[in-house]
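Biologist: Hi, can we go through this structure together? I have a few quick questions.
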Amino acid sequence: MTIPRLRGAFAPGTQPASQNELLVLLPSLGTTMALWDGTVAALRASTPGSTLRILRLDLPGHGSSPAAAEPFTIAELADAVLDVVEEAGGGAFHLAGLSLGGAVALELALAHPDRVKSLALFCTDSKIGTTEGWEQRAAAVRASGTASLVTGSAERWFAPGFLEQNPLSAAARSLSTLIDIDDESYARCNEALAAFDRTASLGSLRAPTLVVSGEHDVVTTPEAMQALTERIPNGYHSTMAGTAHLAALEDPDAAARLLTTHLRASASQGQSTQAAAHEQGMRVRREVLGDAHVDRAVAGTTAETAPFQDFITRYAWGEIWAREELSRRERSIATLASLVTGSHEAEIRMHVRAALTNGLSRAEIAEVILHTALYAGLPPANGALGIAKEVFAGLDAAGTADTQASSPNEGAERG
């Protein structure tokens, strides 16, 4: 197995500065990035002046992506998507995919939850079809080429009567595109789907997830998509009327409306999530460092330092220090060892006091520093012991209990 090389392109008129929000769109098996053209046009028309970047990708052997030289898995396709995103500037992004593209999107969101801000799954599932069915189709394509699939694809892809009523549409042209797909790459995509099953992992999906079905889809039916949604902690389901398996291609305006609503809701939810993380972080921060220290840090906040204060409150205290995998006592040991190693003297002073609050004795703090000297070197450990002695002496002089340590000089400290 190997990670295939994918190619993509920003939708025309949607490539503003790299710091702006990014939406990545993945197509279905047998189609190209052009699947999303109508949806992108509708998105731009409905949100004039939007700075959203929209990056569309092609699957192996489809459109602009080179044919696959080796077999690959859905997980490797997800890694290939990330490679393209890295070339486009990296960071977290919104992600939408249809059918095979949706399976890749689901895999990426599960395997790299920190990278996916929101997820939209069109006409897909955590396990699509049967292993035998995909293997049989792979064999058929190798024997007769993708041209042999046109009639069956037309029946699956589009709602009854759609092609007859729209003979010159982009949907109709997609059947011609199918003939141009590299046969071997198409077969390998089938084999990747044959081995794909993420059903057992759905409960761990973190991204806000829109699940979209086509009313007449016989591949991933509305009933199956509803069952998928019920397994996703933060998912909701919508059915697009009058469409089948390529719902976004049949009704791009409806697809754009769903995506627009989803992106706005995700942004609002993200703000709520950040607020909750800040609240939890402030609680943990006060419990570990003490109200006096935190109050001084907050009072000293300026317009320039406010983003940093928010960051450490949400990330350091609201996420890392709030995790239950280590006790606060254990986290204090790890923190002291790290700070001694880096000779971060101001932070050492603060975390010596925090370690007392978290249940370490003075002797245990000294032992942590002694042990760290073995690996970090004598000078930083010697300096840390000197700082610890000053903290202990200050407590003794003030008659302050170790678990309620404070210092008149701690207001400038960053934690």
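Biologist: What does the side chain of threonine 229 reach?
Modeller: Keep in mind that this is a predicted model. In it, the threonine 229 side chain reaches the backbone oxygen of methionine 225, at 2.8 Å.
Biologist: And which helix is threonine 229 in?
Modeller: Helix H9, which covers residues 222-230.
Biologist: Is threonine 229 buried or exposed?
Modeller: Buried, because its relative accessibility is 7% and the cut-off for buried is under 20%.
Biologist: What is threonine 229 in contact with, leaving aside neighbours within four places in sequence?
Modeller: Val211, Gly235, Tyr236 and His237.
Biologist: OK, switching to the nonpolar core. Which residues of the largest one touch the most other members?
Modeller: Val24, Val81, Leu95, Leu100, Leu119 and Phe122, out of 86 residues in that core. Apart from that core lies another, with 19 residues, including Ile348 and Phe392.
Biologist: What is valine 24 in contact with, again leaving aside neighbours within four places?
Modeller: Among them are Leu55, Leu57, Val81, Phe93 and Leu95.
Biologist: Now the whole chain. How many helices and strands?
Modeller: The count is 17 helices and seven strands. The chain is more spread out than a compact globule, because its radius of gyration is 27 Å, well over the 22 Å that the globule rule gives for 415 residues. Its C-alpha trace spans about 90 × 45 × 35 Å along the principal axes.
Biologist: How much of the chain counts as buried?
Modeller: 47% of the 415 residues. The accessible surface is about 18600 Å², and carbon and sulfur atoms account for 53% of that.

Key
Residues numbered from 1 in each chain as written. Predicted model: local features only at pLDDT ≥ 70, side-chain atom pairs only at ≥ 80, totals over all residues. Heavy atoms only, no water. Helix = DSSP H or I, 4+ residues; strand = E, 2+ residues; numbered from the N terminus. Buried < 20%, exposed > 50% of the residue type's maximum accessible area, 1.4 Å probe, protein only. Polar contact = N/O pair within 3.5 Å; in protein donor to acceptor, adjacent residues only side chain to side chain. Contact = heavy atoms within 4.5 Å. Core = buried A, V, L, I, M, F, W, Y, C linked by side-chain atoms within 4.5 Å. Rg over C-alpha atoms; globule rule 2.2 N^0.38 Å. Areas by Shrake-Rupley, 256 points an atom, 1.4 Å probe, with all protein chains shown as cover.
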